[in-house]
Amino acid sequence: MNVTQAEFVISAVGPDQYPEDGLPEIALAGRSNVGKSSLINKMIQRKNLARTSSQPGKTQTLNFYKINEKLFFVDLPGYGYAKVSMSQRQQWGKFIESYLLNRDRLRMVILLVDLRHPPSRDDTAMYDWLSHYDIPICIVATKADKVPRSRWPKHLKQVKETLLVRGTDRVIMFSSETGLGKEELWSHILQHTDD
Ligand code: GTP
Ligand code: MG
């Protein structure tokens, strides 16, 4: 897709702050530091509209980015960050959970995993949870530029087997460095947002 307009709209800490435009939403979930914010930037061809960091735990709120007056990307805080306190983690869980379960404009969750490593228990739990609630999922295995091309099939297989990916769910290899997978992911997103 040709992105002509992308703007940061709001960092929401509660439902009363969610945008009211009525546009479809695509949420980004995954471990802290897996590359959610970087993926958004690559998809919209902007260097740092979504704040990224080499330090995990950068994104702490629900960040809404409006694209072409057509859809929102919703950058969720990453999970699995050890330095976050238990009470913070519980609060985080409730917050995200209520968004994912109650937001009628949510059309799909992009679940990011790191292509280099087998998905973590948290990744598997997230996948199972989303599946259980019948939320449409697209799995994106990112940081592909860090894996030699000859090993891509092996790593992709590992991702699919560890998560026990159902045949109906897409798995897309991606790199926010090279742009690998970008067009494939856009076409998949548009399938879920075009009415
Ligand atoms: P939180 O906001 O903490 O949940 O992290 P995040 O998932 O938004 O990760 P972020 O996009 O901030 O990226 C974390 C680090 O990984 C940064 O140093 C990025 O430059 C790097 N990174 C992200 N995607 C890629 C990729 O595709 N390839 C490479 N080589 N590095 C990446
Ligand atoms: Mg982030």
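An open sheet of 7 strands, ordered β1-β3-β4-β2-β5-β6-β7 with mixed pairing, is found in this predicted model, where strands are DSSP runs of E of at least two residues and helices runs of H or I of at least four, numbered from the N terminus, and two strands pair if DSSP finds at least two bridges between them. The edge strands, each pairing on one side only, are β1 (6-12) and β7 (170-173). Because the model is predicted, local features need pLDDT of at least 70 and side-chain atom pairs count only at pLDDT 80 or more, whereas totals for chains, interfaces and linings use all residues. Residues are numbered from 1 along each chain as its sequence is written, and chains are lettered from A and ligands numbered from 1 in the order in which they are written.

**Confidence**
- The chain has a mean pLDDT (the predictor's confidence in each residue, from 0 to 100) of 91, and 89% of its residues reach 70 or more.

**Strand pairing**
- Strands β1 and β3 (residues 62-67) run antiparallel and are joined by 6 bridges.
- S11 has N63, in β3, as its bridge partner.

**Packing on the sheet**
- Helix α3 (residues 121-132) packs on the sheet and touches β2 (25-30), β5 (106-114) and β6 (137-142), contact meaning C-beta atoms, placed from the backbone, within 7 Å.

**Residue L39**
- L39, which lies in helix α1 (residues 36-44), is buried, with 26 other C-beta atoms within 10 Å, the cut-offs being 20 or more for buried, 12 or fewer for exposed, and partly exposed in between, with C-beta atoms placed from the backbone.
- Not counting residues up to four places away in sequence, L39 touches L28, L112, V140, T142, F174 and S176.

How values were computed. Two residues are in contact if their C-beta atoms, placed from the backbone, lie within 7 Å. Axes are lines fitted to C-alpha atoms, for helices over the stretch in contact, and angles run from 0 to 180 degrees between N-to-C directions.
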